[in-house]
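Q: Could you take a close look at one helix in this structure and walk me through how it packs against its neighbours?

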Amino acid sequence: MHILHVVGARPNFMKAAPVLRALGSPGSVRQTLIHTGQHYDFNMSDVFFQQLVMPVPDVNLGVGPGSHAQQTAEIMSRLEPVVLERKPDLVLVYGDVNSTVAAALVCAKLLIPVGHVEAGLRSFDRTMPEEVNRLLTDQIADLLFTPSVDADKNLQQEGIASEKINLIGNVMIDTLVALLPEALARWNGKDLTSVPSHYLKHFGLVTLHRPSNVDASGILLSIVKTLSEISRDLPLIFPIHPRTRQRLEASDLATLDSQLHFVDPLSYLEFLALQYHATLVITDSGGIQEETTYLRVPCLTVRQNTERPVTVTLGTNVLVGQDMDRLRTEVGRILSGDRKQGEIPPFWDGHAAQRIAKVITTWWR
Ligand code: UD1
C-alpha cells in the first residue's frame, strides 16, 4: 500500500509525525510526504521537522502566502500532477488548514481515497476560515479519524455514514507524550535560548493569531493593552505569530510599560516546556487548548466558541471571548488559587496514531 501524506502549516506537523511513524513500523507501507509550503519560515516549519524527527518531504510545493482563494487554488494546481504521478492508494490530510481542504478536494476529484485526521470538530462559526475547511473536508473524506465523542456526533448529524467514522483519539497528544521528557530535560538543562531567565520563575504564556483577534487593529490593541496590565502581576511571554507581528508592527507598542515579553515563534520543545511550567496560558489556538488540558494547565481562550468543547467540559479551558474584563477576572481567579483541575479526555493517551494504522490496515484488506 502506498500512502501519501499532505502537510502545510505548523499545526499539521505534530499531527502527522506520529502517524508517519506508526504506519512505517511494520515496513509494509510505502509513504510519501508532501509539504505544500503554506508555512515556510524556519521557525514555522523546518524546526518542527527537526524536533519531531520527521522525514524530509519528498516534494515541497512551495506555495507560500496569498488570499484564501489564491493559496487554496495554488495548492490544488501544484498538487494534482504530483498525485497523478505518484498514484497513492490513500491520501491522509490533517487538521483544518487551507492545505487540508485543498488536498482533499484534489484527491476526491481523482477518485483517490482520502483519510482526514482530526475529523468532526466544529465551532459552528462559519466566519472562521478553518470551519469551512473542516466541513468540506469531512464531506469528501472516505475515512474520518476523530479525537473525541463530540466529533463523532457532529459527523453523524451531517449525514456521514457511521462506518467511515473512527474514534481514535488525539494524535497531537501522541506527540506531546513522546516529546515531553525531552522538552523538560532541555528546560532543566537551561537550554531555552529565546526567553530571558528572569521571566521563567512565575509567568504566563500567550499566543494569538486568529483573524478575529488580530486583523482588526482596535481589538488587537485592546487585547494587548489588557495583557500589558495583567503582566504587572504575572509576567507574560508572547511568542508572536507572523500574522500577528505584521499587524502589531503597524501599532506603537514601545510605550507599553509592562512585563509583556514578545519573542519570535518558538520551537516545539521550547514551547512545550513553557506550557508545562506556565501558571496559565492565554490563547486563541485550537491545539493549545488541547495541550493545556492534557498538561492540566489553566487555559483562557480569547474566543466566543471552540471546536474542541471537550477541553471546556472535561479540561482546563475557559472561553472568555473578547471580553477583557472577563479575562482580567479569570486571571485574578487563577492567581488566587481558584483554578479548574480538569481531567484528560478518553483516548488522549499517546496511542492514537497506532489506532489509525490499525484502521487503515483493516480497511486495505
Ligand atoms: C494558518 C491556518 C490556521 C492555523 C495557523 C497556525 C488556514 C486557513 N489557517 O493560519 O488554521 O491555526 O496556520 O499557525 O490555513 N507567514 C509567514 N511565515 C510563515 C507562515 C506564514 O510570514 O512561515 C505569514 C503569511 O505570509 C501570512 C500570515 O503569516 O501573511 C498568515 O499565514 P497563513 O498561512 O495565511 O495563515 P495563518 O494565519 O498562519
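A: Let's start with helix 7 (residues 171–188) and helix 11 (residues 268–277), which pack at an angle of about 85° with their axes 8 Å apart. This is a predicted model, where local features need pLDDT of at least 70, side-chain atom pairs count only at pLDDT 80 or more, and totals for chains, interfaces and linings use all residues. Residues are numbered from 1 along each chain as its sequence is written, and side-chain values use heavy atoms, with hydrogens and water left out.

A word on terms: helices are DSSP runs (H or I, at least four residues), numbered from the N terminus. Axes are lines fitted to C-alpha atoms over the stretch in contact, and angles run from 0 to 180 degrees between N-to-C directions. Helix 7 and helix 11 are therefore roughly perpendicular to each other (65 to 115 degrees counts as that).

On the helix 7 side, the residues in contact (heavy atoms within 4.5 Å) include Met 172, Thr 175, Leu 176, Leu 179 and Trp 187. Among their partners in helix 11 are Tyr 268, Leu 269, Leu 272 and His 277. By class, this contact of helix 7 with helix 11 has 13 nonpolar, two polar and two charged residues. Here Ala, Val, Leu, Ile, Met, Phe, Trp, Tyr, Cys and Pro count as nonpolar, Asp, Glu, Lys and Arg as charged, and the others, Gly among them, as polar.

Helix 7 also packs with helix 1 (residues 10–24), at about 80° and with axes 7 Å apart. That pair, helix 1 and helix 7, is therefore roughly perpendicular too. Met 14, Lys 15, Pro 18 and Val 19 of helix 1 make the contact with Val 171, Met 172, Asp 174 and Thr 175 of helix 7. The contact of helix 1 with helix 7 has five nonpolar, one polar and two charged residues.

Notes. Helix = DSSP H or I, 4+ residues; strand = E, 2+ residues; numbered from the N terminus. Parallel < 35°, antiparallel > 145°, perpendicular 65-115°, else oblique.
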